[in-house]
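Open the model in your viewer and keep the sequence panel beside it. This tour moves from the whole chain to a single loop residue.

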Amino acid sequence: MMYRPHFFSWVPADGLRHASTDAKPFRGYPTGFVVATLCGHQLAAENTDLAWFWETCRTCDDKAHELAKTPTPPAASAR
Ligand SMILES: [Zn+2]
């Protein structure tokens, strides 16, 4: 199939759920695994059940949405 999954992953780190484009190991980023987040930080992942209940990082959320968006021709929204 041609379905292409998003090329970023969510990763809980430093009290928030961030997104990262770093290659994710099959079972997820292990705790202590340092990833480059979309909000521009280098953070150590916390792969615990509790960490997934943390709030989403707003900056990562915005950037993830930008990445996920299909690029549209600017002409459509220019006026
Ligand atoms: Zn973030």
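The stops below go from overview to sheet to hairpin.

**Before you select anything**

This is a predicted model: local features need pLDDT of at least 70, side-chain atom pairs count only at pLDDT 80 or more, and totals for chains, interfaces and linings use all residues. Residues are numbered from 1 along each chain as its sequence is written.

**Stop 1: the whole chain**

Colour by pLDDT, the predictor's confidence in each residue, from 0 to 100. The protein chain averages 86, and 80% of the residues score at least 70. Where pLDDT is low, the predicted coordinates should not be read in detail.

Now switch to cartoon. From the N terminus on, the order is β-β-β-β-β-α.

Select strand β4 (residues 42–44): confidence is highest there, at 98. Then select helix α1 (residues 58–68), where confidence is lowest, at a mean of 92.

How many of the 79 residues are buried? The share is 22%. A residue is buried if 20 or more other C-beta atoms lie within 10 Å of its own, exposed if 12 or fewer, and partly exposed in between; C-beta atoms are placed from the backbone.

**Stop 2: the sheet**

Select β1, β2 and β5. They form an open sheet in the order β1-β2-β5, with mixed pairing. The edge strands are β1 (9–13) and β5 (55–56), each pairing on one side only. Two strands pair if DSSP finds at least two bridges between them.

Take β2 (residues 16–20) with β5. These strands pair in the parallel sense, over two bridges. Pick Leu16: Glu55 in β5 stands opposite.

Now take β1 with β2. They run antiparallel, joined by five bridges. Select Trp10 and find its bridge partner, Ala19 in β2.

**Stop 3: the hairpin loop**

Which residue in the hairpin of β1 and β2 takes a positive phi? Zoom in on Asp14, in the loop between the two strands. The hairpin has two residues between its strands. Phi of Asp14 is near 60 degrees, a positive value in a residue other than glycine. Most residues other than glycine have a negative phi.

Is Asp14 partly exposed or buried? Asp14 counts as partly exposed because 14 other C-beta atoms lie within 10 Å.

Notes: Helices (H or I, at least four residues) and strands (E, at least two) are DSSP runs, numbered from the N terminus.
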